[in-house]
Amino acid sequence: MTSQSHHDPEYLSGLASTFEVVPNEHPASDEQREAMIDKPAFGQLFSDSMVRMTWKQDGGWSDRKVEAYGPLKLDPAATVLHYAQEVFEGLKAYHHADGSIWLFRPDANAERFQNSSKRLALPALSTEDFLGSVAALVKQDAAWVPTRREYTLYLRPFMYASECYLGVRAPHQVDYCAIASPSGPYFPGGVKPVSIWVEDRWFRTGPGGTGFAKCGGNYAASLVGENRGAQHGCEQVCFVDAASGTYLEELGGMNMFTVHKDGHLETPSLTGTILPGVTRRSVIQLAQDEGHAVTETMIGLTDLLDDIRSGEVTEVFACGTAAIITPIGRFKSENFDETVADGGSGPLTMHLRDELLGIQLGEGEDPHNWMWRVC
Ligand SMILES: *Cc1c(COP(=O)(O)O)cnc(C)c1O
């Protein structure tokens, strides 16, 4: 594949064509669909179709279909309900002004899905099948990709052990699905800095654990911390490392960056306990493109608080597919309450956000060939 070929919709179309389409016989009416797209309730409303595919140890992947969105049939003894072998991905389909529909670095999601699967002893899904499944869903439900600026179709591929067996071992049967939910801007009223609860009691993962895998279990483990943060009036929670409790790792579902007064950026290094975000990787590249040094390092909590107080750190932001880039205005715990600079949205934070969004929406150049055209 040449470096330009994924700007040609033929590539993803070819992969998508390996999935049989069985159209939904009762799709939403045009009016219903327009209403859902117009006022999306994130993760509560879904498009007409879904992808489904089954893997068996003796025979590999089969039953590759795009079919009507609907409930799954699951045996009560299905392994996932007992031992939580589940991994997922999150990416978006973007409408460009000329009517074309695109994905942002879906190959990176495919690769991460493989790494997550490996960690949970689930079978690997090839990059071609991952891309093909997502493209097939988006093509089938293209009318569900919102056209309004910053509105997208959020895609959620996932895989789980569906075998009926209470024994503990790597599964012999697995189901893969992909569903799609229209979504609006994360900050409908304009970008607003969030306050962060620094969680020092409950950890989402630990050394040798599943932190680098995008699996439901990490989220299950994060919820009591999320609740504590909410009780203290914070919108997001930052988890610290379980080994020492002194280094910042990431938010429940977003990576983190600090901006220093000399213009360099720092972000926690990928030690195995942190989810390697596609947005994180892209922000590092964009910042470097513009001449900012970016250091992947261990960020100590007390050092960060000192640097915020002294003005050494001028901006902090979080990043992930859902919110793109979110300014962080405040850090709070039982022992401190620290405002970053004036508590507003920092200039570099907002600049990087505009750059990234510009690429995703097709309004700016795509120098790294990150966008893949679906149709
Ligand atoms: C998905 C996720 C992120 C962000 O990853 P992106 O690829 O940038 O969306 C960060 N942290 C966690 C725990 C995640 O699950």
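Trainee: What makes the area between domain 1 and domain 2 count as buried?

Mentor: Buried area is the accessible area (1.4 Å probe) that two parts lose on being put together, summed over both. Here domain 1 and domain 2 bury about 1500 Å², and carbon and sulfur atoms give 60% of that. In domain 1, F88, R112 and R119 lose the most area to domain 2, together 39% of what that side buries. Do keep in mind that this is a predicted model, where local features need pLDDT of at least 70, side-chain atom pairs need 80 or more, and totals for chains, interfaces and linings use all residues. Residues are numbered from 1 along each chain as its sequence is written, and side-chain values use heavy atoms, without hydrogens and water.

Trainee: How do you know where the two domains lie?

Mentor: Their bounds come from an automatic or database domain assignment, which gives 5-184 for domain 1 and 194-344 for domain 2. The contact (heavy atoms within 4.5 Å) takes 17 residues from each of domain 1 and domain 2.

Trainee: Why is the pair E111 and R281 called a salt bridge?

Mentor: The term asks for a side-chain nitrogen of Lys or Arg within 4 Å of a carboxyl oxygen of Asp or Glu. The closest N and O atoms of E111 and R281 are 3.9 Å apart, so the pair qualifies. The count between the two domains is one salt bridge.

Trainee: Which element supplies the largest share of domain 1's side?

Mentor: That is α4, with seven residues; α4 spans 106-119, and helices are DSSP runs (H or I, at least four residues) numbered from the N terminus.

Conventions:
Helix = DSSP H or I, 4+ residues; strand = E, 2+ residues; numbered from the N terminus.
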